[in-house]
Amino acid sequence: MVHLPNDDDQCGWYHALPKVPARPSLVGEQTADYLILGAGFAGLAMARRVATHKPNSRIKLIDAQRVGQGASGRNSGFVIDLPHKFALEHPDPEHKQKLLALNRSAIAQLDQLVNQHSIDCQWSAKGKYQGAVGARGEAYLDHFEHLMKELGEPYYHVDNKELSEVLGTPYYRRAIYTPGSYLVQPAALVRGLSESLPDNVSVLENSPIRHLTKENGQWVLYGHEGVIKSPVLLLGTSIFTREFGYLKNRLLPVMTFASWTRPLTDDEMRKYGGELDWGLTPADHAATTMRMTADRRIMVRNSYKHTPKYGRSISHAMKAKIRNDHRQAFLLRYPALEDVPFTHTWGGVYAISRNFTNFFGQLDEGLYASACDNGVGVAWGTISGTLLADHAVGATSNQLDDIKYVTGMPSLNPPEPFLGIGVKSRIQLAKWQSRSEL
């Protein structure tokens with residue numbers, strides 16, 4: 001049985017978008033020269049790049065939901081250039097420099113597309129704060145500073161007073177600011193990228209695939225009401241790659257959650273007293289991420305859950321508890337805004353691996369995949385999707401060599417029930433250890 005995406009319908013980013021008509025679904029028997037499954041950042045990049053290489057080919061991009069409803073439209077809206085904290089600790093300096101260069105290439109690519117196609121997505125080169133609440137967070141900041149020095153990257157210390165003027169709260173002791181990250185309305189960016197695809201790309205929405213197989217040299221995908229065939233299939237399915245039998249027992253599904261307010265009124269903005277359009281990630285990775293959007297919404301993100309059945313793993317009671325936790329984190333930071341309600345609380349699932357390794361490459365003849373972004377999906381999805389398309393059409397480049405250098409095979413997981421018990425225990429322990437930073 002294939003566990004399909006089962007995202008909640010409360011993603012604030014998606015609800016903030018203007019409504020647009022749905023694209024066609026997969027109905028009847030269809031064919032394509034190239035088929036891409038999954039219309040997130042990776043799949044969109046794959047489709048765009050294949051279309052560039054093969055302008056006379058028929059390319060079809062298929063998604064189980066509406067474009068922008070899935071994981072790519074549910075993140076916190078950071079487009080991060082730096083390698084992830086765990087990747088920053090990699091012992092090979094060349095590995096880290098290649099990751100950094102790949103991420104920055106993705107940001108440059110997205111920047112060009114946003115400007116070229118006038119994508120309205122709150123795209124801004126605002127950098128990112130990494131904040132510490134107490135002594136535990138400060139210890140993590142000190143470690144981060146050490147890693148940044150090793151990498152040779154610029155960073156800036158921000159004390160409590162300066163940080164308070166930006167965030168509108170004195171809650172954080174201090175932060176480190178890094179200038180290379182961008183901020184974005186992720187669902188708007190995903191939709192804008194899909195609407196600006198080359199003319200030889202067709203998008204099919206609301207078309208979950210229940211089975212795929214290979215028949216007579218063609219990859220055959222079976223949906224609810226149709227079948228589609230192609231000699232070349234590229235998977236931009238991240239965690240769902242395992243549902244089709246690939247990378248099975250190598251990917252861990254984890255869901256993280258966010259809540260946000262309605263836009264603040266002028267009076268509430270005066271009480272808030274901070275700036276618009278900033279993002280802060282926690283020095284302690286298990287703590288709380290904060291955003292103030294360009295349209296005056298405050299977003300809180302924390303809480304991690306192991307979700308083997310994706311959205312079906314989350315009960316109403318669990319979601320209510322998470323929303324309450326978000327509310328407490330919000331009030332600790334902004335007690336003067338206690339009358340400002342949350343309008344949406346949502347979750348988003350992503351793939352991690354035990355050895356923190358991303359998969360990139362060929363799975364079978366005519367079958368390619370990029371899977372497991374380990375929680376930093378916008379830049380990585382964009383560059384890995386772009387280069388996977390290069391790989392699939394036989395193109396070569398130094399960047400393609402670089403991404404092969406920094407990727408590999410995610411390690412095998414222990415069998416259930418030991419895996420579930422272990423992951424849940426690790427998450428609970430991290431939450432308890434990070435309680436002072438929440």
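**Close-up views of a predicted model**

The structure holds 1 cavity of 30 Å³ or more. The model is predicted, and local features need pLDDT of at least 70, side-chain atom pairs count only at pLDDT 80 or more, and totals for chains, interfaces and linings use all residues. Residues are numbered from 1 along each chain as its sequence is written, and side-chain values use heavy atoms, with hydrogens and water left out.

View 1. A cavity is a set of points, on a 1 Å grid over the protein atoms alone, where a 1.4 Å probe fits but cannot get out; lining residues have an atom within 4 Å of a point. The volume is the space filled by probe spheres set on the points. Phe-41, Leu-44, Ala-45, Arg-48, Gln-109, Leu-110, Leu-113, Leu-193 and Thr-382 line the largest cavity. Helix 2 (41-53) and helix 4 (93-116) each supply at least two of the lining residues, and helix 2 gives the largest share, 4 residues. Helices are DSSP runs of H or I with at least four residues, and strands are runs of E with at least two. The lining divides into 6 nonpolar, 2 polar and 1 charged residues.

View 2. In the order 6-7-5-15-16-17-14-18, 8 strands form an open sheet with mixed pairing. Strand 6 (156-158) and strand 18 (342-352) are at the edges with a single partner strand each, so one side of each has no neighbour in the sheet. From one strand to the next, the twist averages 25°. Two strands pair if DSSP finds at least two bridges between them. Strand 14 (residues 252-261) pairs with strand 18 in the antiparallel sense over 10 bridges, and Phe-257 stands opposite Gly-347 in strand 18.

**View 3. Strand 16 and its two partners.** Strand 15 (residues 278-282) pairs with strand 16 in the antiparallel sense over 3 bridges, and a hairpin of 6 residues joins the two. Gly-279 has Arg-291 as its bridge partner in strand 16. Strand 16 and strand 17 (residues 298-306) run antiparallel, joined by 4 bridges; Met-292 has Ile-298 as its bridge partner in strand 17. The hairpin between strand 16 and strand 17 has 5 residues, and Arg-296 in the turn has a positive phi of about 75°.

**View 4. Side chains of strand 16.** Thr-289 and Arg-291 point one way from strand 16 (residues 289-292), whereas Met-290 and Met-292 point the other way. All of these residues are buried, meaning under 20% relative accessible area with a 1.4 Å probe and protein chains only.

Conventions
Buried means under 20% relative accessible area, exposed over 50%, partly exposed in between (1.4 Å probe, protein chains only). On a 1 Å grid over the protein atoms alone, a cavity is a set of points where a 1.4 Å probe fits but cannot get out, and a pocket is an open set with protein on both sides within 12 Å along at least five of seven lines; lining residues have an atom within 4 Å of a point. Ala, Val, Leu, Ile, Met, Phe, Trp, Tyr, Cys and Pro count as nonpolar, Asp, Glu, Lys and Arg as charged, and the others, Gly among them, as polar. Axes are lines fitted to C-alpha atoms, for helices over the stretch in contact, and angles run from 0 to 180 degrees between N-to-C directions.
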